[in-house]
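Hello,

Here is the structure we talked about. Please have a look at it, then read my notes below.

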Amino acid sequence: MKNIILAMVAAVLLIGCSSEETSHSKGVYMLLDTSGTYTEELVKAQHIINYTLAKLNPGDSFAVARIDTASFSEKDIVAKVTFEDRPSVANRQKRQFREEVDRFVKEVKPSGYTDITGGLLQAVEYLNEAGTGRKTILIFSDLKEELKKGYVRDIPLQMGGYEVVALNVTKLRSDNIDPREYMDRLQMWEERIEAGEGHWRVINDMERLESVIID
Amino acid sequence: MSFSEIYLLWSESAALSAVIWSVVLTVLTYLAREPMHRMIEAVSSLAKNAFQQASESLLGAEKRLSERNTEVLIAAGREASEHLIEREFVRINRIVETDLAEYPTLHRKISDVIVRIDEDYKQSSDVPPEAPGWGKAISAVAQISTSKSDPMVGQILESIHGSLEKNHEKTLDEYRKSSRERHMLLKKMLPSWRGMNSDLKQVDQNVNALMERSRVVDRQMEEYEKIINETDSAKKTLSSSSLTQFFIAGFVLAIAIGGAMINFNLIARPMQEMVGGSSVMMGYKTANIAALVIILVEVAMGLFLMESLRITRLFPVIASMKDDMRMHMAWITFTILLSLASVEAGLAYMREVLAQDDAALRASLLSGTVAAMGVSDRWITTAAQMGMGFILPFALVFVAIPLESFIHSSRTVLGILAAGTLRALAFAFAVLANTSHYIGRMLTSVYDLFIFIPLWIETRVRGSNHSEKKKSRGFNPLQTDSMKEVS
């Protein structure tokens with residue numbers, strides 16, 4: 001009888017302790033294109049970051065990184081945070097995060113090249129480390145990748161369980177001359193992401209962003 | 001061998017084959033008639049008996065359940081009636097202890113008052129003034145024959161007259177004085193009379209209250225006797241009372257659940273500050289589980305408090321505790337409840353603070369402005385939430401009363417429902433038994449319909465055989481084999 005009671009107490013304690021803190025949390029990694037004239041679009045990116053901050057909950061992880069010449073680097077992460085369990089602390093973290101992003105947007109300088117693949121690899125690494133239940137990568141870019149000579153980015157992506165959302169994919173002047181360029185660019189990224197078992201979406205209307213963050 | 005080959009076994013012609021096959025099948029069916037009939041009858045009888053037995057078993061079970069329900073109902077009614085009678089006796093005891101225990105004192109008080117009144121009465125009796133002793137002397141003086149002109153006599157008479165007047169006034173004064181004293185005594189008696197009247201009224205009220213209680217006890221005893229004798233009226237009353245209690249208690253419990261849900265929403269959000277907002281336990285947020293546990297603990301404490309105060313009787317262990325132990329338990333549960341209510345009030349305050357912080361953050365993030373709610377308005381919602389957080393735990397304490405009624409009455413209601421279900425099932429099985437019996441008979445007739453030609457031939461052949469036999473034996477119109485066959 002004593003053993004049964006002990007076993008029951010142990011079972012209750014085990015159930016009580018087996019809280020799955022990470023399996024239900026969300027992880028969002030946002031890549032900001034800082035190449036050329038796209039830096040002018042960063043004000044829009046600020047709104048998206050603020051919106052995302054407002055929608056994330058305690059326990060979620062969020063990081064914002066820039067896309068520059070060599071994006072596969074921790075140095076390119078502008079701000080990162082895993083929100084504390086306590087809502088009041090999480091709110092404080094959100095305010096700090098916002099300030100960091102605002103500072104970055106004010107001081108950002110355009111980069112010469114656009115290493116989107118490097119940024120994606122860095123995002124995958126960060127979110128895998130964070131161990132969040134749901135992983136979303138937001139790419140705020142025109143998706144035109146320009147690599148510096150010598151940089152190897154022809155690497156198959158491992159994006160199983162990732163949702164990659166391209167935001168505000170602006171049309172370049174050349175796209176207007178030949179829209180096939182724009183479509184081919186989107187097609188290429190979709191194929192790369194889905195080849196890596198990821199899920200690809202494009203959202204140019206920011207009103208639909210809610211479905212990405214809340215779902 | 002395919003079906004067409006078998007079909008055309010007898011002839012190349014499909015029509016001829018059909019005729020031959022029908023003849024063959026008819027003959028075979030006719031030959032198999034007796035065993036087929038027996039089989040159909042056996043199957044239908046089997047089904048009928050099985051369904052009948054099931055129906056009877058269910059009816060038996062329903063009867064036993066109904067008897068058990070009645071026993072439970074009577075037992076519950078008896079217990080409730082005993083409880084009521086006990087309460088009435090406790091009230092009578094209280095009246096006797098508090099009011100009638102003072103009766104000897106009251107009696108002595110009334111006796112004292114009566115003695116005092118009696119003494120006062122005696123003292124206040126009117127004493128007639130003494131008859132004047134000098135009357136004869138006056139008449140003797142009056143008979144003195146003298147002339148009015150005699151100054152000596154006149155002086156003497158004047159002197160006597162003056163003495164008389166003086167004496168008269170003195171006597172009158174004394175009489176008035178004594179009359180005033182008597183009146184004063186009578187005046188003093190008035191409060192004593194009033195006091196005695198009031199005491200007697202009190203006695204009258206006490207006796208009347210006692211009489212009223214005794215009449216209530218009489219009524220309760222009549223009800224109790226009816227329950228003990230298990231009369232139909234008592235059963236109907238108890239059953240109806242149980243159903244009413246069930247629905248009323250269910251309604252009140254639904255209201256209480258609504259209150260508990262509001263309470264839950266009040267503390268679930270601020271609970272995240274205590275146990276974390278992201279941790280999950282068994283698929284649910286730990287903060288929500290913690291909030292639910294707090295509410296359930298409050299309900300449990302409420303149950304214990306009600307039990308300790310002997311308002312409900314769900315736990316015999318608590319009811320059988322010593323009085324001092326029970327009161328200790330009541331105080332402990334009340335203290336825990338008070339603590340939890342205070343915690344809830346604190347959490348409600350925290351909820352308001354968090355809500356303000358969230359609103360400000362969202363406003364600054366989404367629109368770039370800082371939300372500013374008037375400080376003068378904010379205290380109203382904060383105070384309302386804190387008040388609700390403090391009051392709702394105490395309101396939940398009273399859930400114990402409808403819960404007890406619900407549990408007690410649900411036994412009766414569930415018993416009635418179960419008995420009704422069993423009765424319906426028994427009826428369905430009885431219908432199935434009859435149906436299977438008539439299906440068997442119908443199948444026998446349908447079978448005979450397919451072989452009506454050989455049957456007709458058989459009847460004709462038998463008929464001719466019988467007529468030949470009758471001819472040989474002699475005709476008996478009252479009893480014939482063919483009639484037997486037909487019957």
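**The sheet of chain A**

β4(A) and β5(A) pair in the parallel sense, over 6 bridges. One of the residue pairs here is A:T136 with A:E163, its bridge partner in β5(A). Before going on, please note that this is a predicted model.

A:E163 turns up again on the next strand pair. Its bridge partner in β6(A) is A:H199. β5(A), residues 162–167, and β6(A) run parallel and are joined by 5 bridges.

A:M30 stands opposite A:L138 of β4(A).

How much of β4(A) is buried? The count is 6 of its 7 residues, so β4(A) is largely enclosed by the rest of the structure.

**Chain A overall**

Chain A has 7 helices and 6 strands. Along the sequence the pattern reads α-β-α-β-β-α-α-β-β-α-α-β-α. Of its 215 residues, 35% are buried. Take the contacts in chain A with a separation of 6 or more: residues 24 or more positions apart account for 80% of them.

**Where A meets B**

The contact between the chains takes 22 residues from chain A and 17 residues from chain B. On the chain A side, the elements that give two or more residues are α1 (2–17), α2 (42–55) and α3 (87–107). The largest share, 6 residues, comes from α3(A). By class, the chain A side has 6 nonpolar, 9 polar and 7 charged residues.

The partner in one is α7(B), residues 232–275. The axes are 10 Å apart and the angle is about 85°. Angles of 65 to 115 degrees count as roughly perpendicular, and α3(B) and α7(B) are therefore roughly perpendicular to each other. α3(B) makes this contact with B:T70, B:L73 and B:G77. α7(B) brings B:A234, B:K235, B:L238, B:S239 and B:S242. The residues of this contact divide into 3 nonpolar, 4 polar and 1 charged.

The partner in the other is α12(B), residues 400–450. Here the axes come within 8 Å and cross at roughly 165°. An angle over 145 degrees counts as roughly antiparallel, and α3(B) and α12(B) are therefore roughly antiparallel. The crossing is left-handed. By class, this contact has 26 nonpolar, 13 polar and 5 charged residues.

Best regards

Notes:
Residues are numbered from 1 along each chain as its sequence is written. Chains are lettered from A and ligands numbered from 1 in the order in which they are written. This is a predicted model: local features need pLDDT of at least 70, side-chain atom pairs count only at pLDDT 80 or more; totals for chains, interfaces and linings use all residues. Two residues are in contact if their C-beta atoms, placed from the backbone, lie within 7 Å. Helices (H or I, at least four residues) and strands (E, at least two) are DSSP runs, numbered from the N terminus. Ala, Val, Leu, Ile, Met, Phe, Trp, Tyr, Cys and Pro count as nonpolar, Asp, Glu, Lys and Arg as charged, and the others, Gly among them, as polar. A residue is buried if 20 or more other C-beta atoms lie within 10 Å of its own, exposed if 12 or fewer, and partly exposed in between; C-beta atoms are placed from the backbone. Axes are lines fitted to C-alpha atoms, for helices over the stretch in contact, and angles run from 0 to 180 degrees between N-to-C directions. Angles under 35 degrees count as roughly parallel, over 145 as roughly antiparallel, 65 to 115 as roughly perpendicular and the rest as oblique. A crossing is left-handed if the near helix is turned anticlockwise from the far one by less than a right angle, and right-handed if clockwise. Two strands pair if DSSP finds at least two bridges between them.
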